[in-house]
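Hi everyone, thanks for coming. Have a look at the screen, and then I'll talk you through a helix pair and the nonpolar cores.

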Amino acid sequence: MANHLSESLPERTFQYQSSLPALPVPTLEMSLSKYLDSVRPFASDEEFKATFDIVKKFQQGVGKDLHQKLQQRARTKRNWLEEWWLDTAYLEIRTPSQLNVNFGGPAPYLEHCWPPAEGTSLQRASIITWHSLQYWNMIRTERLPPQKAGKTALDMEQFRMLFCTCKVPGVKKDTIRNYFKTECEGPCPSHLVVLCRGRVFTFDGLCDGQILTPPEILRQLSYVKERCEREPEGDGVSALTSEERTRWAKAREHLISIDPHNKTILETIQSSLFVISLDETKPYSSPENYTNMTLEALTGNPTIRWGDKSYNSIVFADGTFGSTCDHAPYDAMVLVSFCWYLDQQVKATEGKWKGSEVVRPVPPPEEQVFTVDEKVQSDISHAKQQYLESTRDLQVVCYAFTAFGKTAIKQRKLHPDTFIQLAMQLAFYRLHKKPGSCYETAMTRKFYHGRTETMRPCTKEAVDWCAVMMDPTSNVTLTETELCLCLQRWRW
């Protein structure tokens with residue numbers, strides 16, 4: 001009876017965390033073999049022979065000692081890679097996070113319910129914010145089903161980092177501050193931050209423990225916009241988050257030193273659920289061409305993005321949306337899951353609010369005003385200048401491919417990932433008449449606190465296939481099995 005009852009209960013978001021297996025250490029032989037395989041397509045016979053000899057020497061010498069140390073580390077840590085990866089890939093990097101590390105892009109709502117339209121941005125923003133708060137609450141109450149690969153549970157730790165999370169700059173290394181708690185763990189911040197015209201506002205997403213309705217959120221956003229339209233622009237302190245990391249860390253230290261209240265404001269932003277960026281640009285994008293939206297999301301006004309926040313919801317003036325997110329606390333598939341939920345909700349409701357229009361008497365948004373001096377103003381000016389210069393180096397083209405999708409690929413008994421990776425290899429081969437060194441991200445979330453690993457799709461088999469495809473005299477055909485062999489060796 002008890003077993004039957006437990007099976008009927010819904011799975012909780014984090015219920016499998018304690019039972020996930022530790023991240024394994026690949027054998028030294030396997031790692032070196034994969035390395036040689038990844039080198040082979042790019043090396044001449046002579047170069048490969050030299051590389052092979054070096055690898056053998058490493059394997060029989062210092063490689064053994066290093067591998068033993070790695071195994072020893074793995075015996076005391078459930079994920080031996082986690083700390084190293086976070087530090088090396090994200091926290092120790094000194095280049096500006098925005099453009100170089102952060103990920104972001106357009107939202108697809110314009111395809112389904114919300115084509116660009118004047119005068120709709122705040123009303124739509126209130127609806128998408130409401131759906132976002134519902135998703136936060138699902139994670140907080142552990143009602144978001146744990147993700148699985150087949151029947152195998154995947155690590156859900158990164159979903160804790162989607163809300164109430166911020167990276168904080170350090171002179172030598174950054175840190176991640178996560179304020180999120182599940183309902184059973186205790187109180188969790190529930191306030192939102194709105195950035196508009198270089199100014200910072202905040203309001204609580206709850207009233208008497210209940211999530212604000214879209215009409216109530218609309219009133220809060222309208223209050224911010226109306227104030228910003230009739231009053232001078234703010235200092236744009238958030239532009240500092242687009243700066244080189246050590247410069248931002250020192251600027252932050254100075255900001256705190258001139259007024260302790262500045263630290264309180266920074267804590268308010270850091271602990272907020274997420275940031276809503278009211279952007280006055282109109283990207284004029286379409287379901288066929290996302291280029292302008294993508295470019296604005298990635299390179300837009302730095303005074304209305306807090307680059308260190310785990311999620312910035314960008315509201316464009318023409319009623320379209322984008323986002324920019326700090327990459328350190330989680331990977332893109334977490335955002336994809338979140339955005340998929342939002343898109344499904346918008347489609348299901350046709351982008352409309354069908355609930356009560358009653359607006360409860362909630363306090364208006366409170367402006368957070370930093371104390372600044374000449375040095376802070378100079379730091380902001382420098383940050384904006386370097387950011388503007390870096391955006392000039394970025395070229396983006398983002399078109400929708402509508403000729404066919406994964407269904408057509410599967411009907412031909414091909415795996416969509418195999419198809420795409422080989423297509424990329426062939427495109428590079430056609431352009432440059434040589435193999436292309438590509439990187440594909442693989443996930444390790446079957447293991448405790450797993451995040452990503454690297455796949456090297458440019459294999460000898462893939463190069464041979466490209467040569468066949470480029471040879472007009474060839475009549476060779478490859479089976480699905482042979483195509484899969486081109487890539488499968490790189491899977492974890």
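So, at what angle do helix α2 and helix α3 pack? Quick housekeeping before I answer: this is a predicted model, where local features need pLDDT of at least 70 and side-chain atom pairs count only at pLDDT 80 or more, while totals for chains, interfaces and linings use all residues. Residues are numbered from 1 along each chain as its sequence is written, and side-chain values use heavy atoms, leaving out hydrogens and water.

Okay, the answer: α2 (residues 28-39) and α3 (residues 45-60) pack at about 165°, and their axes are 11 Å apart. Helices here are DSSP runs of H or I, at least four residues, and strands are runs of E, at least two. Axes are lines fitted to C-alpha atoms, for helices over the stretch in contact, and angles run from 0 to 180 degrees between N-to-C directions. Anything over 145 degrees counts as roughly antiparallel, so α2 and α3 are roughly antiparallel to each other.

Who touches whom? Contact means heavy atoms within 4.5 Å. On the α2 side, the residues include Leu32 and Leu36, and on the α3 side they include Phe48 and Phe52.

Now the cores. A nonpolar core is a set of buried Ala, Val, Leu, Ile, Met, Phe, Trp, Tyr and Cys residues joined through side-chain atoms within 4.5 Å, with buried meaning under 20% relative accessible area (1.4 Å probe, protein chains only). The largest one has 52 residues, and Tyr135, Phe163 and Tyr330 touch the most other members. Helix α8 (121-140) is one of its suppliers, and gives the largest share, 10 residues. A second, separate core of 20 residues includes Trp306.

Notes. Parallel < 35°, antiparallel > 145°, perpendicular 65-115°, else oblique. Buried < 20%, exposed > 50% of the residue type's maximum accessible area, 1.4 Å probe, protein only.
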